[in-house]
Amino acid sequence: MEMAVEGGGPQVHKKVMVAIDENECSYHALMWVLHNLKESIGNSPLVIFNAQPPPYRNNTFAASLGTARMYCPVSAGVDGDIKNMELSDLRIAIDKFQFFCVTAPEFINNVQEQNKKVSAALLEKAKSICSSQGVNAETISEVGDAQQAICDAVQKLNITLLILGDRGIGKIKRAFLGSVSNHCVNNAKCPVLVVKKSS
């Protein structure tokens, strides 16, 4: 979306981007833009951005003992029945299972494909919302950590206004986990508007 700023001189167009994810707060931000900036949008496309998680993130998950045994049989380095295993041996078996899952190329490819499908669905939903409001939208998806991918896209696309939804994760979680909106407010090369959902 480009906003025309009128004054004594020529019109200056500002390119606006809304970053979305699967959280409803990002769709709230999109709806806020459509309701509050629609008149400024005109025929210029609103840029809708989604960051796909990188495939190499170390996302481990808990596995049942049966699943861990299936991928890392007890006979493969640990003797005896799984029910009679020492806790340390069981941890070794589960660690082998997690390492297999995290590093197996087929698993990584499956995760990448699933991330692409989710991203495409999120962007299609956002584009549909925009078209139902009579707004043309351009969708973009990049692979990478959301904080950095959004800031990189702002610079690459010459965005002049970035709009994000606020998840309201709280001060303690934000201190430990960080906040995408907080990172973008401090690092994006343009003004950032964080839209909070009213209680």
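These questions and answers cover how labels are assigned in this predicted model.

User: Why is Ser 44 called buried?
Analyst: Buried means under 20% relative accessible area, exposed means over 50%, and partly exposed is in between (1.4 Å probe, protein chains only). Ser 44 has 15% relative accessibility, so it counts as buried. Ser 44 lies in the loop between helix H2 (38-41) and strand S3 (46-52). Its C-alpha is 6.8 Å from that of Asn 136, 92 residues apart along the chain.

User: What makes Asp 145 partly exposed?
Analyst: Its relative accessible area is 41%, so Asp 145 is partly exposed. Asp 145 sits in the loop between strand S4 (137-143) and H6. Asp 145 and Ala 51 are 94 residues apart in sequence, yet 6.9 Å apart in space, C-alpha to C-alpha.

User: Which class does Asn 110 fall in, by its relative accessible area?
Analyst: Asn 110 has 46%, so it is partly exposed. This residue lies in helix H5. Asn 110 and Pro 55 are 55 residues apart in sequence and 9.4 Å apart in space, C-alpha to C-alpha.

User: Why is Asn 158 called exposed?
Analyst: Asn 158 has a relative accessible area of 58%, so it is exposed. Asn 158 lies in the loop between H6 and strand S5 (161-165).

User: What makes the phi of Asn 158 worth a remark?
Analyst: Phi of Asn 158 is near 55°, a positive value in a residue other than glycine. Most residues other than glycine have a negative phi.

User: How many of the residues in the chain are buried, as a percentage?
Analyst: Buried residues make up 35% of the 199 residues. In H6 the buried residues are Gln 147, Ala 149, Ile 150, Cys 151, Ala 153 and Val 154.

User: What describes a pair of packed helices?
Analyst: The angle between their axes and the distance between the axes. Axes are lines fitted to C-alpha atoms, for helices over the stretch in contact, and angles run from 0 to 180 degrees between N-to-C directions.

User: Why is H1 called roughly parallel to H5?
Analyst: The axes of helix H1 (residues 24-36) and helix H5 (residues 105-132) cross at roughly 25° and come within 11 Å. Angles under 35 degrees count as roughly parallel, over 145 as roughly antiparallel, 65 to 115 as roughly perpendicular and the rest as oblique. H1 is therefore roughly parallel to H5.

User: Which residues of H1 meet H5?
Analyst: Contact means heavy atoms within 4.5 Å. Tyr 27, Leu 30, Met 31 and Leu 34 in H1 meet Leu 122, Lys 125, Ala 126, Ile 129 and Cys 130 in H5. This contact divides into 8 nonpolar, no polar and 1 charged. Ala, Val, Leu, Ile, Met, Phe, Trp, Tyr, Cys and Pro count as nonpolar, Asp, Glu, Lys and Arg as charged, and the others, Gly among them, as polar.

User: At what angle do H6 and H8 pack?
Analyst: Helix H6 (residues 146-156) and helix H8 (residues 180-187) pack at about 35°, with axes 9 Å apart. Their contact divides into 5 nonpolar, 4 polar and no charged residues.

Key:
Residues numbered from 1 in each chain as written. Predicted model: local features only at pLDDT ≥ 70, side-chain atom pairs only at ≥ 80, totals over all residues. Heavy atoms only, no water. Helix = DSSP H or I, 4+ residues; strand = E, 2+ residues; numbered from the N terminus.
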